[in-house]
2 protein chains.
Amino acid sequence: MRITVLENLMAANQNTAAENRRTLADNNIYAVNIMGSPGCGKTTLLEKTLELLAGKLRAAVIEGDVSTTLDAERLARFGIQVVQINTEPFGGSCHLNARMIAGSLSTLDFKDLDLLFIENVGNLICPAEFDLGEHEKVIVASVAEGEEKPLKYPLMFRRADLVIINKMDLCDRLQTDMRILISNIRKVNPSVQIIELSALTGEGCSLWIDRLQGNFSAFQEPEGR
Amino acid sequence: MRITVLENLMAANQNTAAENRRTLADNNIYAVNIMGSPGCGKTTLLEKTLELLAGKLRAAVIEGDVSTTLDAERLARFGIQVVQINTEPFGGSCHLNARMIAGSLSTLDFKDLDLLFIENVGNLICPAEFDLGEHEKVIVASVAEGEEKPLKYPLMFRRADLVIINKMDLCDRLQTDMRILISNIRKVNPSVQIIELSALTGEGCSLWIDRLQGNFSAFQEPEGR
């Protein structure tokens, strides 16, 4: 019984995710699902990203948190559309699902929008299982988390299109062995892209911005270019 | 349907947790459930704890991870009993449940054992919902995670008996505002105990060790003292 129910839930999520992906494509909006542990720097990365994208691409953000609107408030000061999803009324859900995104999409004004960032609930496990209708999955991993996390939380890293290694400014202090960290990421996902940066100092962020612009261009319909 | 199934699951977990608690009490073993984000320093704290407890209290560890035996290997070198639970065969479960603990208890030799540490899966959300039969819940929160985490992940902090603020050696470098962090913990759980320490340097750890010894003494049956 339990398995049937869960399978039905996952199938329903998949259908809704496919609808979300169609809606986004119809409106020429490229969606990025950003996942990672609590405190890995997802919101700080979005702040730096919005700053660096200004005048280049127009973005909106869907913010997922169990509770509070703290992150949405941090991002709203960039004058963009921000939708906050709190999962506490949904049993404190530890991940976003496609239905929550569908609800958020219905409140967004799609005009003049190129990118949609979805900041998932801080969690290195459950969000990996739920397709939201995004076009790519980005994992933010902080050097403060240690080198062995890709091996211990393999699904998240296996599903990622890009791993951003954040807080590179702390690397010296923490004596992080980047060779081991990157080798562990590659063991779980040999073909994943990796960018090292510090969202705080901005070091390495141009690679991420260039990649976003490139992916958005490649995603656009030929007539839209 | 879905709710019924989940309620049944939670009731079954509660029953098994109660049995675990009885088994532990019958054998005069005090159990501590240690929870926190990936990379907050749970295993490093256990390493320091086992080092400092040597000759005082005899401990065993149940290690919960989605995948790998890396943490169990780090702890086995202390010559103690370590049971590794990998949740990957259970659908990559994001938390330990009481049944997993019951299975582990059946493999432990209870003789000459005072303390049982259960290191939960690294996750600041789901493990809070599952009673394992432990005698207390300890949250490890790293200063690298930022000051607002107690507000964003309230259930975990609300259920805690003790919050250990770890990586205090990074406080200066990260410019963590401890006043705000502690005030946020108190907003969610006004009566929770808080210990600031660095599991890496050992700073502040004696408070934690003294507290463990005190709790163990208070827990013992009068005839056992």
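Colleague: What makes Arg74(B) and Glu47(B) a salt bridge?

Modeller: First, a word on the source: this is a predicted model, where local features need pLDDT of at least 70, side-chain atom pairs count only at pLDDT 80 or more, and totals for chains, interfaces and linings use all residues. Residues are numbered from 1 along each chain as its sequence is written, chains are lettered from A and ligands numbered from 1 in the order in which they are written, and side-chain values use heavy atoms, with hydrogens and water left out. Now the rule: a salt bridge is a side-chain nitrogen of Lys or Arg within 4 Å of a carboxyl oxygen of Asp or Glu. For Arg74(B) and Glu47(B) the N to O distance is 2.9 Å, so the pair passes.

Colleague: Where in the chain do Arg74(B) and Glu47(B) sit?

Modeller: Arg74(B) is in helix α3 (residues 70-76) of chain B and Glu47(B) is in helix α2 (residues 42-53) of chain B, 27 residues apart, so the pair links distant parts of the chain. Helices here are DSSP runs (H or I, at least four residues) and strands are too (E, at least two), numbered from the N terminus.

Colleague: Are Arg74(B) and Glu47(B) buried or exposed?

Modeller: The rule is that buried means under 20% relative accessible area, exposed means over 50%, and partly exposed is in between (1.4 Å probe, protein chains only). Arg74(B) has 27%, so we call it partly exposed. Glu47(B) has 14%, so it counts as buried.

Colleague: Which residues do salt bridges with shared partners join into one network?

Modeller: They are Glu47(A), Asp65(A), Asp71(A), Arg74(A), Arg77(A), Glu148(B), Lys149(B) and Lys152(B). Over all chains, the rule gives 30 salt bridges.

Colleague: Why are Glu51(A) and Lys48(A) about one helical turn apart?

Modeller: Because they are three residues apart in helix α2 (residues 42-53) of chain A. Glu51(A), at 44% relative accessibility, is partly exposed, whereas Lys48(A), at 15%, is buried.

Colleague: What about Asp177(A) and Arg179(A), how far apart are N and O there?

Modeller: The distance is 3.8 Å, and their side chains meet in a salt bridge. Asp177(A) has a relative accessible area of 26%, so it goes down as partly exposed. Arg179(A) is at 64%, so it counts as exposed.

Colleague: How many salt bridges are there between chain A and chain B?

Modeller: Four. One of the salt bridges in the model pairs Lys152(A) with Asp71(B), at 2.6 Å from N to O.

Colleague: How many residues does each chain bring to the contact?

Modeller: Chain A gives 39 residues and chain B gives 39 residues, with contact meaning heavy atoms within 4.5 Å. The two chains bury about 2,900 Å² between them, 62% of it on carbon and sulfur atoms. Buried area is the accessible area (1.4 Å probe) that two parts lose on being put together, summed over both. On the chain A side, Pro38(A), Lys152(A) and Arg173(A) lose the most area to chain B, together 21% of what that side buries.

Colleague: Why is Asn189(A) called buried?

Modeller: Because its relative accessibility is 7%, and the cut-off is the one I gave above. Asn189(A) is in the loop between α8 and β7 (193-196) of chain A. Leaving out residues up to four places away in sequence, Asn189(A) touches Phe157(A), Arg158(A), Arg159(A) and Ala160(A). A polar atom of the Asn189(A) side chain lies 2.9 Å from the backbone oxygen of Phe157(A).

Terms used: A polar contact is a pair of N or O atoms within 3.5 Å; within protein, one must be able to donate a hydrogen and the other to accept it, and residues adjacent in sequence count only if both atoms are side-chain atoms.
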